[in-house]
Amino acid sequence: MNCQEWEERIALYAAGDAGAADAGETERHIAGCAGCQVFWSGMKQSLEWLREAHQEEIAPAHYAAVRARVMAQLESGRAPWWKQVWAYGLGIAAVAAVMVLIAVRPHAESPRATMVMPAAVVENAADAGQGAGSRPGGLPHREVGRRGALWAHLPHRQAETILVKLETDNPDVVIYWIAEKKGD
Amino acid sequence: MNVLALLAIAAPVESPGGGARSIAAARAGDLAAFESLMRQHERLVLVTAARLLGKLEDAQDASQEVFLRLYRSLGKIDAVENLPGWLYRVTVNVCHDITRKRPASVPVDELPELAATGADPQQSAARAERRRALQMSLRFLSEKERAAMVLRDLEGLSTAEVARALGSSEATVRSQISKARIKVRAFMERYFRSQL
């Protein structure tokens, strides 16, 4: 072990952090090594100065300043009761306003959902119209299915009922298909 | 560098059991009790923070944050005996956060010209110079070395207590302390070449 390696042990030994066995070895090495004696002496001196600086304290005004800042922050977090009531009232009013908006807005703007129906369904709807005597005159049955525009109106709060409006090339002929969904 | 102005002041003494009563009352929302708790531990927090950060203004910011965290964590501290360890741990963490946000104002490559001050006839001036050198030497340690040395050599904690506060093993702490002492000694030797 060279002296540089001994320095780490001396640094621990200097403040009583070496184990009993290490301390004995370190003492013996210091006794026989001039370089480590110098290092040991300097280590003791620097530790003494460290402790000397530690014996002095910070002025009380600095502690008081910290205390004042902490207490001010804690007290500001404790609003008086009337401020809390005001805050709760504002919160309740905001929630109520949002609920009213949700309840009123969909009625005002009843969205018209568009649904493209599969061809088979369209044909069935056309067939149903034919059966009721409402088939457009001169317009082939399949033509209605391909070219017709289908609209599904989903009435608000009646999600179970589907109304399909089938427009044909003949503006005088409009077919309505009403379906009612039961269960999933 | 802002050198700490230190004065000799005795810390307030708390009667046995007073800490436990203060914690219980503070938990119940008694701000006066919390202020009393702060008075009992403010030296520990502010001095440790000052040693770690080297600037009193930063140390006061750190102390404020530590005590605010203490107030929010009162319910988690189960025994008053655990409070100093908790405070040391949080102080070190808060100081690390501050150090990361505010890098050292005197980087290693901008070290000032080191002057030998052995000729200074005034003993108080010599002490002030040593304090300044000590603060500078602590700045050139790594965060963990500085924390280990401050807690062990300045605060007087045992190696096991330092290990708990830093969340390290005792072997790691011993290694950090050893390296820190060697670096500080080398710095002080360089600073006071004529005295060591």
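A nonpolar core here is a set of buried Ala, Val, Leu, Ile, Met, Phe, Trp, Tyr and Cys residues joined through C-beta atoms within 7 Å. Keep that in mind for the first close-up, and remember throughout that this is a predicted model.

**Figure 1. The nonpolar cores.** The largest nonpolar core has 54 residues. Helix α2(B) gives the most to it, with ten residues. There is also a second, separate core of ten residues, and among its members are A:Ile10, A:Ala14, A:Ala18 and A:Met43.

**Figure 2. The two chains, element by element.** Start with chain A, which has seven helices and four strands. Going from the N terminus, its elements run α-α-α-β-α-α-α-α-β-β-β. Chain A has 184 residues, and 19% of them count as buried. Take the contacts in chain A between residues at least 6 apart in sequence, and 47% of these join residues at least 24 apart. Now for chain B, where the secondary structure comes to eight helices and one strand. The order from the N terminus is β-α-α-α-α-α-α-α-α. Of the 196 residues in chain B, buried ones make up 37%. For contacts in chain B with a separation of 6 or more, residues 24 or more positions apart account for 67%.

**Figure 3. Where chain B touches chain A.** The contact draws 35 residues from chain B and 32 residues from chain A. On the chain B side, β1 (6–7), α2, α3, α5 (123–139), α6 (143–154) and α8 (170–191) each supply at least two residues. Helix α8(B) has the largest share of that side, nine residues. Sorted by class, the chain B side comes out as 21 nonpolar, five polar and nine charged residues.

**Figure 4. Helix α3 of chain B and what it packs against.** This helix covers residues 56–72 of chain B, 17 residues in total. From first C-alpha to last, α3 of chain B reaches 24 Å, close to the 24 Å expected at 1.5 Å a residue. Which residues of α3(B) are buried? They are B:Leu56, B:Ala59, B:Gln60, B:Ala62, B:Ser63, B:Gln64, B:Glu65, B:Val66, B:Phe67 and B:Leu70. These buried residues pack against α4 (60–76) of chain A, together with α2 (31–53) and α4 (83–101) of chain B.

**Figure 5. Helix α4 of chain B.** Here we zoom in on one of the packing partners of α3(B). Helix α4(B) has 19 residues and reaches 27 Å from its first C-alpha to its last, close to the 27 Å expected at 1.5 Å a residue. Its buried residues are B:Leu83, B:Leu87, B:Tyr88, B:Thr91, B:Val92, B:Val94 and B:Cys95.

**Figure 6. Helices α6 and α8 of chain B crossing.** The axes of α6(B) and α8(B) come within 8 Å and cross at roughly 90°. Angles of 65 to 115 degrees count as roughly perpendicular, so that is how α6(B) and α8(B) sit to each other. On α6(B), the contact is made by B:Lys144, B:Glu145, B:Arg146, B:Ala148, B:Met149 and B:Arg152. Facing them from α8(B) are B:Val173, B:Gln176, B:Ile177, B:Lys179, B:Ala180 and B:Arg181. By class, this contact has five nonpolar, one polar and six charged residues.

**Figure 7. The loop between α2 and α3 of chain B.** Two residues to look for in this loop are B:Gly54 and B:Lys55. B:Gly54 is buried because 23 other C-beta atoms lie within 10 Å. Apart from neighbours within four places in sequence, B:Gly54 is in contact with B:Gln135, B:Leu138 and B:Arg139. B:Gly54 and B:Arg139 are 85 residues apart along the chain, yet their C-alpha atoms are separated by 7.4 Å. Why does B:Lys55 count as buried? Because it has 20 C-beta neighbours inside 10 Å, and 20 or more is what being buried takes. B:Lys55 is 80 residues from B:Gln135 in sequence and 9.2 Å from it in space, C-alpha to C-alpha.

**Figure 8. Close-up on B:Arg51.** This residue is found in helix α2 of chain B. B:Arg51 counts as buried because it has 26 C-beta neighbours inside 10 Å. Leaving out neighbours within four places in sequence, B:Arg51 is in contact with B:Leu138, B:Val150 and B:Leu154. B:Arg51 and B:Val150 are 99 residues apart in sequence but 6.7 Å apart in space, C-alpha to C-alpha.

Conventions. Residues are numbered from 1 along each chain as its sequence is written. Chains are lettered from A and ligands numbered from 1 in the order in which they are written. This is a predicted model: local features need pLDDT of at least 70, side-chain atom pairs count only at pLDDT 80 or more; totals for chains, interfaces and linings use all residues. The expected span of a helix is 1.5 Å times one less than its number of residues. A residue is buried if 20 or more other C-beta atoms lie within 10 Å of its own, exposed if 12 or fewer, and partly exposed in between; C-beta atoms are placed from the backbone. Two residues are in contact if their C-beta atoms, placed from the backbone, lie within 7 Å. Ala, Val, Leu, Ile, Met, Phe, Trp, Tyr, Cys and Pro count as nonpolar, Asp, Glu, Lys and Arg as charged, and the others, Gly among them, as polar. Axes are lines fitted to C-alpha atoms, for helices over the stretch in contact, and angles run from 0 to 180 degrees between N-to-C directions. Angles under 35 degrees count as roughly parallel, over 145 as roughly antiparallel, 65 to 115 as roughly perpendicular and the rest as oblique.
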